[in-house]
Amino acid sequence: MLRIEPKQFTLFSASVYARIPENHILKRLEQTIDFSFINELLADGYCKDFGRPAKEPELLMRLLFLKHIYNLSDVQVIEQASLNIAWTWFLGLNLEDPLPHPSLLAKFRTQRLAEFDLDDIITEIIRQCVDKGLIQSDGICIDATHIEANTIKKVPERIMKHLAEKIFKGLKKDLGNIPPQVDTNIPDYKQIKDHKQAKQMMKEYLIKVIQQAGPFALENTQAAIDEAKEILADERFIIQKGLRSLVDKDARVGKKSKNESFYGYKAEYTMLAEERLITAVSVQSGEKMDGNNFTQLLERTVTANIKPQAIYADKAYFRPEILSQIEEMNADPVIPVSESAYKIKEDLFSYNKDSDEWYCCLGNRTVKRRHFTRKRDGKEYQYYEYTFDKELCIDCPHRAKCMGKSKGPARKLRVGINTHKLWEFSQVQKTPEFKEKYKKRSSIEWKNAELKRFLGLARAIGYGLKAVAMQAKLTVIAANLKRIAALVGERSSRFLFQICCKNYFMQFKPTCALEGVSLALFLGTLSVVSNCPLVFPETRC
């Protein structure tokens with residue numbers, strides 16, 4: 001039963017809590033963010049009239065915030081909360097009030113938050129920051145970071161061995177022993193040097209075990225057989241592109257670069273370029289491509305009352321479907337051209353968008369355009385084929401190099417249907433203005449380092465996509481709360497800086513160059529103390 005009681009500190013607790021400095025991170029958060037909305041979001045998961053009184057969802061969420069802000073375990077966060085008066089105050093408890101047992105945090109995550117969308121909490125916190133005036137920028141960055149799985153990847157032979165052992169355990173639970181008709185002599189695949197032969201041998205053995213155990217299968221055995229059949233039915237399993245662990249079935253092998261891979265998950269998120277607050281996050285298995293959840297992330301950002309005017313991303317996001325979405329919302333795509341999408345060699349060819357003609361390096365232009373469709377791997381691809389003037393191609397000194405193996409009279413240039421727009425993007429990105437804008441994207445690399453090095457997102461602490469997604473979203477909330485406290489501190493320092501400058505001018509009113517020097521020293525000292533940029537006002541002699 002959920003019963004919301006108003007917070008009320010005893011006189012003793014209030015006197016102790018008064019010692020907490022006003023610039024403490026938790027006090028700044030409490031003054032800026034109203035966390036009472038958490039009780040309303042999770043109220044449907046509790047009975048209102050029956051049962052024992054439950055701990056408030058807001059209290060448990062605050063404990064999870066502290067856990068991820070300081071990168072602690074469930075046991076450690078409860079221990080620290082019992083020792084730190086600032087934490088006890090942030091939790092809304094009196095000093096004599098008992099803290100929840102660490103196991104309650106695990107139950108809260110698995111039973112209450114399992115079906116709850118933590119994105120709503122991220123969105124509401126950002127929305128409150130917008131209402132408080134903490135967010136001024138209108139540009140967002142988008143990127144993906146890798147999360148290592150909390151297990152090792154295994155070869156198919158080893159997994160098939162474990163599947164056979166699970167069938168044996170199921171038979172023991174159901175029947176008390178393993179029938180003699182079932183072959184329990186697992187082949188030693190490590191003695192076979194040829195990896196393909198080892199996989200084939202273990203596959204044949206597992207299929208034989210499934211057939212032999214089938215007539216004796218009860219509940220546990222049937223569950224193990226069904227799991228083995230499901231895994232073998234996936235064509236990617238044998239070629240090591242699919243499942244690699246029975247402990248974490250959602251983790252996959254992905255690529256960091258051409259020569260470096262990882263095993264786990266990929267977290268993709270959008271972040272405000274100036275304030276460095278994360279507005280939305282999504283998690284997918286490691287083999288997925290960047291940008292798959294671009295629409296979802298953008299919608300979440302807009303829901304938080306943010307209307308992006310510029311979107312900063314790397315080459316992985318230079319795709320027609322993403323560019324069209326950015327164009328529909330009248331935003332500026334600050335994204336470098338990807339070589340995979342735009343393959344024109346600009347040192348050999350250039351495009352005139354007004355006349356819809358391509359020109360070669362010697363000035364020959366195209367005189368004919370043809371549209372055609374080609375099917376490949378079950379998909380349709382649309383192209384434009386431009387034909388150059390054959391009279392000039394015949395006498396061209398670079399004909400042999402340009403034409404290659406083609407024996408036609410003129411050079412034909414095939415381009416994608418969106419190549420015209422991509423060419424315009426490529427020209428814009430050569431300007432100094434674009435290069436200056438693109439520097440803002442680097443701020444998301446700092447955030448990647450913070451999430452991994454200081455907030456524990458480098459490695460998963462659970463198994464499965466749901467558990468890793470919950471970890472990533474709680475980590476993002478923790479990173480946002482730390483950043484919000486810093487922004488509040490910067491705004492307070494800036495306000496103090498302005499007040500001090502105003503009082504100085506009201507009292508002293510410097511009118512000569514000598515007094516202007518003393519003013520400069522005063523402002524410089526104040527700038528260092530308040531961590532604000534130094535700006536010298538004009539002084540008159």
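Trp358 and Tyr386 are both buried in this structure, which is a predicted model. The two residues form an edge-to-face aromatic pair, with 6.5 Å from centre to centre and 70 degrees between the planes. Trp358 belongs to strand E8 (residues 357–360) and Tyr386 to strand E10 (residues 379–388), so the pair ties together parts that are 28 residues apart in sequence.

**Aromatic rings**

- A pair of aromatic rings is described by the distance of the centres and the angle of the planes.
- Across the whole structure, a search finds 7 aromatic pairs.
- In one of them, the ring centres of Phe35 and Phe90 are 6.0 Å apart and the planes stand at 85 degrees, so this pair is edge-to-face.
- Phe35 lies in the loop between helix H2 (25–32) and helix H3 (37–42), whereas Phe90 lies in helix H6 (residues 85–90); the pair therefore ties together parts that are 55 residues apart in sequence.
- Phe35 and Phe90 are both buried.
- Together with Phe65, Phe35 and Phe90 form one aromatic cluster.

**Charges over rings**

- Phe90 also has a charged neighbour: the charged end of Arg62 sits over its ring, 4.7 Å from the centre.
- The charged end of Arg369 sits over the ring of Tyr384, at 4.3 Å from the ring centre.

**The sheet E9-E10-E11**

- Strands of a sheet pair through backbone hydrogen bonds, either parallel or antiparallel.
- Here 3 strands, in the order E9-E10-E11, form an open sheet with antiparallel pairing.
- Strand E9 (366–376) and strand E11 (412–416) are the edge strands, each pairing on one side only.
- From one strand to the next, the twist averages 30 degrees.
- The antiparallel pairing of E9 and E10 extends over 10 bridges.
- Arg374 has Tyr381, in E10, as its bridge partner.

**Cysteines**

- A disulfide is a covalent bond between the sulfur atoms of two cysteines.
- The count of disulfides in this model comes to 0.
- For Cys393, the closest cysteine sulfur is that of Cys402, 6.6 Å away; this is too far for a bond, because the two sulfur atoms of a disulfide must lie within 2.5 Å.
- Cys393 has a relative accessibility of 8% and therefore counts as buried, because the cut-off for a buried residue is under 20%.
- Cys129, at 0% relative accessibility, likewise counts as buried.

Definitions and conventions. Residues numbered from 1 in each chain as written. Predicted model: local features only at pLDDT ≥ 70, side-chain atom pairs only at ≥ 80, totals over all residues. Heavy atoms only, no water. Phe/Tyr/Trp six-rings, centres within 6.5 Å; stacked < 30°, edge-to-face > 60°. Helix = DSSP H or I, 4+ residues; strand = E, 2+ residues; numbered from the N terminus. Buried < 20%, exposed > 50% of the residue type's maximum accessible area, 1.4 Å probe, protein only. Lys NZ or Arg CZ within 6 Å of the ring centre and 35° of its normal. Pairing = 2+ DSSP bridges. Axes fitted to C-alpha atoms, helices over the stretch in contact; angles between N-to-C directions.
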